[in-house]
Amino acid sequence: MITFQPSAAVWEITMGCNMRCKHCGSSCKSSLPDELTTDEALDLCNQLASLGIKAVTLSGGEPLLRNDWEQIATRLSELDIQPLIISNGWLVDEVVVKKICKSGIASFGISLDGLRDTHDFMRCEGSFDGIMKALQMLADNSIHTSVVTTINKRNLSELHEIKNILIQHDVKSWQLQFATPMGSFHAHKDELMIESHQVSDIINFAHEVKDEINVYLGDCIGYYSNVEHEVRKKNSSDEGAVWRGCPAGKHSLGILHNGDIVGCNSIRSQEFIEGNIREKRLQDIWESGFTWNRQFSRSKLTGFCLDCQYATYCLGGCPNVRLCLNGSIESDNSYCLYNSEIRAEFGRIDLEGVSFDDMVGLLGDASEGQNHNLEIMMIEKYLHKNIDLPKTQMSYLMNCLHFAYFQVERYEKAKEVCDAILNYNGNNSYALHGLAICLFYLGKRAEGFDILERLAKVDKSMLEETVRDICSATQLTHSVEDLRALETLIEH
């Protein structure tokens, strides 16, 4: 039984390439002797169909350098799998166009990384003009085309002009992603990699042109801003189109040139290889592997991502970005737009000499904007600078802190704050209220009932509110005994 159902795959059918791109994540050069044979590749097509895959993107290297690419694409089509190609466009001619049409390629994608000087700098001289000819030839033959642009410091300012070129050539969709320090790009990171704050420039641009061309944001770009949501929603049937975590090994998989199976082609080091189709059937690999992502939870994150209010759903954004930047998929994602914006906003707030009343106002603004992470950062900094606050002011801020931690689902941290409040004010009803709820969320029900009994002696109305909150929480499952015990607490 398949718990996770895959729908798409990216298949690097060859490592051979006729270019030496500065941002190539696979450092492709020549085809390798252990690449799958034609028979092995065709059998793999059958296995992909059996697994329920609906679309396969053939990539490389340069996939057109593999002599049997047409056979592979045709077999996929015959199995009702949509074949797609991502190419550098150099080899597109009339013969290739006929093969594209004959084999049933659903979309022919070409990498375009800037205007002429920039693109040729990144790839090789003459490649820009070659792409323009290829796009025109594909358009003349009514072939659906898409373009992928890998953004760096040189081409970020060229996006508007690239957009105009794509519209002129009837390109149907455009994916934007940014280069990360992997493969060949390691040597060019300092020179070419965009800064984290420039992710917002990409998203704002995508939003600006979304009604002119279908723009898709790569998995490395986001997360959790209204502008990004509008861009994703434009190309999705899902009204709530937001980033819901990495699909690798859950809804998609990657195939390397030699039959190694990975969750994502960008994450390909030995520890992330799940098996090889020369040794095991694809379905067996799918059903038993990919634990690194399938069992990943927010508790494994660190830094800002661990405390982020979206962490339960986002899980830190693209794992490959975190891996490339910090050497671990559990690390903080500094290229997350929300992360970057909250840190920038916090950096603009000067809490030196701020009065308590002004601090309350700042917290009110952050709370109204649902910026709970900003609340946490401000309160912790303010308390660090003002350790001798009056008891009532300290209690107020600590209660705000526990509520903010609760809102971002950091129940253990919220519990710690409640404990701290009760250490110097054991009858603080709001802290008892928060502590009881946190304990139930943490699965510590016996301790939770103990706190409720304490609350019953301090504030009966707050007890009733607390019990209602616990009973109505959809995240909690209650036994009949629990509910009866809660009702009894209120009655007595």
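A charge is taken to sit over a ring if NZ of Lys or CZ of Arg is within 6 Å of the ring centre and within 35 degrees of the ring normal. The model is predicted, so local features need pLDDT of at least 70 and side-chain atom pairs count only at pLDDT 80 or more, while totals for chains, interfaces and linings use all residues. Residues are numbered from 1 along each chain as its sequence is written, and side-chain values use heavy atoms, with hydrogens and water left out.

Two charged ends meet the ring criterion, as the table shows.

| Charged residue | Ring | Distance to ring centre |
|---|---|---|
| Lys22 | Phe121 | 4.3 Å |
| Arg294 | Trp286 | 4.7 Å |

Rings of Phe, Tyr and Trp (its six-membered ring) pair if their centres lie within 6.5 Å, with planes under 30 degrees apart counted as stacked, over 60 as edge-to-face and the rest as tilted; by this rule there are 13 aromatic pairs. Among them, Trp286 and Phe290 have ring centres 5.1 Å apart and planes at 55°, so this pair is tilted. Trp286 is buried (under 20% relative accessible area; exposed is over 50%, partly exposed in between, with a 1.4 Å probe and protein chains only), at a relative accessible area of 1%. Phe406 and Tyr441 form an edge-to-face pair, 5.2 Å centre to centre with 85° between the planes, and both residues are buried.

With a disulfide defined as a pair of cysteine sulfur atoms within 2.5 Å, the whole structure holds 0 disulfides. For Cys246, the nearest cysteine sulfur, that of Cys264, is 6.2 Å away.
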